[in-house]
Amino acid sequence: MADVTAMAAPNQETGCCSHPGAGGNEGMVHHGQWTLLLVSLLAAACQQTEYGVNEETPTTEDVAPILTVDPPELGFGQVMHDQRASETLTLGNSGNATLEISGISIQRGECFSFSSLSLPLTIAPGQTTTLEVTYLPASEYDEGVLEISSNYLGGSLTDVELTGLGMFPILEVHPNPYNYGYVPISCTFDGILDLDNVGQAPLIISEMLHQGVGFQLVDTPDLPLTIQPGQQEQLTVAFSPPEVGDYSGMLWMTTNGISQQVTATQTATGAEYQEYMDEFWQPDGPWEKVDILFYVDQSGSMRNDQKNLASNFDQFTYFLEDYLDDYQIMVVTNDDGCHNEVIITADYDYADLIFSQAVSEGGGQYTEAGLLLTHKAVGLVDEGECNEGFAREDAKLMIVLLSDEPDQSPASWDTYVESIMDTYPQATMSAIAGDVPGGCATAVPGTGYYEAANATGGAFFSICDSNWGTNIRTLAQLSAGSPTDTFQLTYEPVEDSVQVQVDGESAWDWTFDTEQNAVVFDSDAVPDSGSHIEITYDLYCSST
């Protein structure tokens with residue numbers, strides 16, 4: 001016979017009870033009246049457990065107020081940054097006792113406010129009152145909580161979520177930073193800055209100031225200058241070095257945007273010589289999608305180079321979006337080959353901040369083994385793996401390697417390159433590393449990376465080159481661009497000094513287009529995809 005007391009206890013797994021005698025008369029206690037009473041009491045207890053009656057929740061049989069809030073949350077949608085929007089909350093009492101509201105406050109979100117009410121406020125059963133809530137945008141996405149204190153449920157707090165979308169003007173300056181490269185003494189070079197309003201409201205620039213030796217604003221626009229959403233204005237900053245050396249300048253602008261002070265940096269190097277070389281790599285597009293992997297050496301000596309890469313990321317995506325907007329970008333620095341932070345797409349806000357964080361974190365035993373880490377990374381892209389969704393089959397794969405050391409992977413460079421290319425024949429590897437074979441001021445020769453770039457039709461840039469902006473633009477073009485017959489020069493040349501080489505061999509089947517300031521190849525002499533084009537010329541000085 002089963003123990004009656006044990007069977008009468010609630011079943012802990014189901015939340016219900018096992019009644020005595022559920023399987024017949026075997027568990028029944030004699031004395032029928034007492035048995036019937038016991039079963040009735042246990043059944044009542046089971047019913048409360050099964051249906052989860054909350055002793056604190058008022059029912060229609062209780063004498064208690066019930067606070068209702070309509071709507072239960074407030075979303076203001078899109079609101080212009082300099083305007084206010086209001087919505088109405090209806091506070092009601094669906095109970096059968098007087099509701100007393102003792103307090104109303106905004107706990108989060110200084111951009112929200114509400115109409116004043118005389119407190120404490122009483123609401124009779126079946127009655128309502130209204131509260132006006134106002135939103136003045138403070139950012140592109142604002143949120144807050146309206147907290148109501150009342151005698152509902154014995155003095156609980158009721159929260160109402162508040163959200164709003166601010167429509168602000170946003171000024172972006174491109175390129176930023178802008179690097180003039182080497183400028184001969186007594187020459188003047190003009191730098192063109194694009195001022196883009198990428199926000200949703202008219203942008204007003206009320207003040208503009210430039211500081212920096214050798215730099216000067218040319219034809220400063222009349223202020224205030226208004227730029228409509230999606231529109232652009234151009235600004236010319238001229239630079240003329242007074243002597244040999246490095247120079248920097250800063251453009252300051254005051255706007256009506258979220259960031260009221262916007263700055264743009266310019267750098268340049270005054271030089272004695274007048275010869276310059278532009279380098280190009282012929283793209284293999286067009287591509288509709290591209291996945292770009294950045295490996296970044298985390299050695300202590302790389303801090304400045306990490307900052308240079310991060311500060312030019314905004315320019316990289318700006319140029320990349322000239323070709324396509326379906327891209328994925330990830331950064332790999334750890335031994336496991338998994339990406340840092342998130343895989344960035346065109347939909348991400350503040351992508352430059354995410355990228356800056358990603359390129360300066362992580363590292364490990366193989367921090368100077370870039371080919372090993374990238375090989376691991378592109379092998380972890382299947383479902384459930386840490387880089388899931390990267391290296392899409394129908395996308396161009398671009399790998400960019402940044403280090404001031406040679407590759408120190410356990411196997412030879414060609415082992416990793418052949419394996420990657422077997423799996424991803426659409427891949428290209430480019431590198432920013434020490435010059436080969438001699439190295440440069442802050443880096444030893446980037447062997448391994450140099451060979452990988454050459455073998456896959458990628459670009460190789462000196463990590464000591466101050467002209468990061470131009471190199472970043474080339475990487476963007478190589479990632480998604482199409483083969484071209486036209487190669488625009490960075491500076492205006494002395495026309496008869498122009499010399500062209502393709503993959504190290506002199507080329508003659510081209511003309512110089514003065515209007516485009518470009519070398520244009522004949523139709524039957526266009527360099528193949530992956531070709532390396534070098535154009536050397538003497539700089540034309542506008543003030544010689």
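This is a predicted model: local features need pLDDT of at least 70, side-chain atom pairs count only at pLDDT 80 or more; totals for chains, interfaces and linings use all residues.
Local features need pLDDT of at least 70 and side-chain atom pairs count only at pLDDT 80 or more, while totals for chains, interfaces and linings use all residues. Residues are numbered from 1 along each chain as its sequence is written, and side-chain values use heavy atoms, without hydrogens and water.

Start at β23 (396-402); strands are DSSP runs of E, at least two residues, and helices runs of H or I, at least four, numbered from the N terminus. In β23, 7 of 7 residues are buried, that is, under 20% relative accessible area with a 1.4 Å probe, protein chains only. In a regular strand the side chains alternate between the two faces of the sheet. One side of β23 carries Lys-396, Met-398, Val-400 and Leu-402, the other Leu-397, Ile-399 and Leu-401.

β23 pairs in the parallel sense with β20 over 7 bridges and with β24 over 6 bridges; pairing takes at least two DSSP bridges. Val-400 stands opposite Phe-294, and Met-398 opposite Thr-428 in β24.

Helix α6 (residues 370-377) has 6 of its 8 residues buried, among them Leu-371, Leu-372 and Leu-373.

Elsewhere, α4 gives the most to the lining of the second largest pocket, with 5 residues. Among the elements giving two or more residues to that lining are β9, β10 and α5.

Definitions and conventions
Buried means under 20% relative accessible area, exposed over 50%, partly exposed in between (1.4 Å probe, protein chains only). Contact means heavy atoms within 4.5 Å.
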